[in-house]
Amino acid sequence: MPTLSTADHSSSPPAITIPRDYNAAEDLIERNLAAGRGDKLAYIDDAGSYTYAELARRVNRCGSALRSVLGLRQEDRVLMCVLDTIEFPTVFLGAIKAGVVPIAVNTLLTASDYEYMLSDSRARVAIVSEPLLELFRPLLGKVATLERIIVAGAPESQPDSLAALLREGQDEFAAAPTVSDEACFWLYSSGSTGAPKGTVHVHASLIQTAELYARPIIGIREDDVVFS
C-alpha cells in the first residue's frame, strides 16, 4: 500500500510513495476491509445500499468471471457504458483487479461514437446498461474486435446479463500482478479538437487523486458522503 511522508508540507500536499507492485482495486478495497470497515456503507444507488464487504464480493465475482468465463487476459480492454448503479464500481474495480483495462465512456453519446471508441480501443467485450443496449447491438459483428456484449441491469435469467456473469464468479479472487505505472483504465476525451482520444491512466492515478487532492484539498473525511 502507498505510504505518506511525515515531513512538514505547509505549502503543498504530502508526498506519497507507491510500491512498484501495486493493483489499484486491491488497495482501494482491501485497505478498508483491513481497517474494519466491511460493514460500512460504500455505495448507494436507486436500488439500495452496499457495504464495503458486499462491494468486495461483487468486485471479486466480476474480476474472476472476466478472466475464467469470458477468457479475458491481463491488459485486454473492456468498454463499459454503465449508468450510475452498483454495476459501475463492480465492473470498473473488478476489471482493474483482474488486470483487465476498463474504458468507462459517457452514456449520452451516439452509436457512431461508440463504434469509433470500440474500434479505436479494440475492446473485446462491451458491458452496457440495458437501456443503452440498442445503441450497441448493431455493433456486434460490425466492429471486428468486439466479441461479446454483456448487459448490466438485465435479469439473471438472461444468458448475457451481468448478473448471470457474476453468478459464475468467485467470492475470493487474487489480484492480478500489476505494477503502479502500467495501464489501469482509459477515459476518452470530448473530441473538441478532433476525434476523441483515449487517455491512459496508470494504477497509481486513483490513489494519487485520493491522497493528493481529495484529502488535503477537498478535505474529504471518512464520514462524508460524496454525490458523483
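Contact here means heavy atoms within 4.5 Å.

**Ground rules.** I am working on a predicted model, where local features need pLDDT of at least 70 and side-chain atom pairs count only at pLDDT 80 or more, while totals for chains, interfaces and linings use all residues. Residues are numbered from 1 along each chain as its sequence is written, and side-chain values use heavy atoms, leaving out hydrogens and water.

**Entry 1, Leu66 and the cores.** I looked up Leu66 and, leaving aside neighbours within four places in sequence, found it in contact with Gly71, Leu72, Gly94, Ala95, Ile127 and Leu165. I take buried as under 20% relative accessible area, exposed as over 50% and partly exposed as in between (1.4 Å probe, protein chains only). A nonpolar core is then a set of buried Ala, Val, Leu, Ile, Met, Phe, Trp, Tyr and Cys residues joined through side-chain atoms within 4.5 Å. The largest such core has 39 residues, and Leu66 and Ile127 touch the most other members. Its largest share, six residues, comes from α2. Another core, of 22 residues, lies apart from it and includes Trp186 and Tyr188.

Helices (H or I, at least four residues) and strands (E, at least two) are DSSP runs, numbered from the N terminus. I checked the span of α2: its 17 residues reach 24 Å from first C-alpha to last, close to the 24 Å expected at 1.5 Å a residue, taking 1.5 Å times one less than the number of residues. Among its buried residues I noted Tyr52, Asn60, Cys62 and Leu66. Their cover includes α1, β3, β4, α3, β7 and α6.

On a 1 Å grid over the protein atoms alone, a pocket is an open set of points where a 1.4 Å probe fits, with protein on both sides within 12 Å along at least five of seven lines; lining residues have an atom within 4 Å of a point. I find 44 lining residues, with Ala42, Tyr43, Tyr52, Val226 and Ser228 nearest the centre. Elements giving two or more residues to this lining include α1, α2 and α7, and α7 provides the largest share, nine residues.

Which phi does Glu75 have? I read a positive value of about 85 degrees, although Glu75 is not a glycine. Glu75 sits in the loop between α2 and β5 and is exposed at 52% relative accessibility. Arg122, also not a glycine, has a positive phi near 60 degrees. I place Arg122 in the loop between α4 and β7, exposed at 56% relative accessibility.
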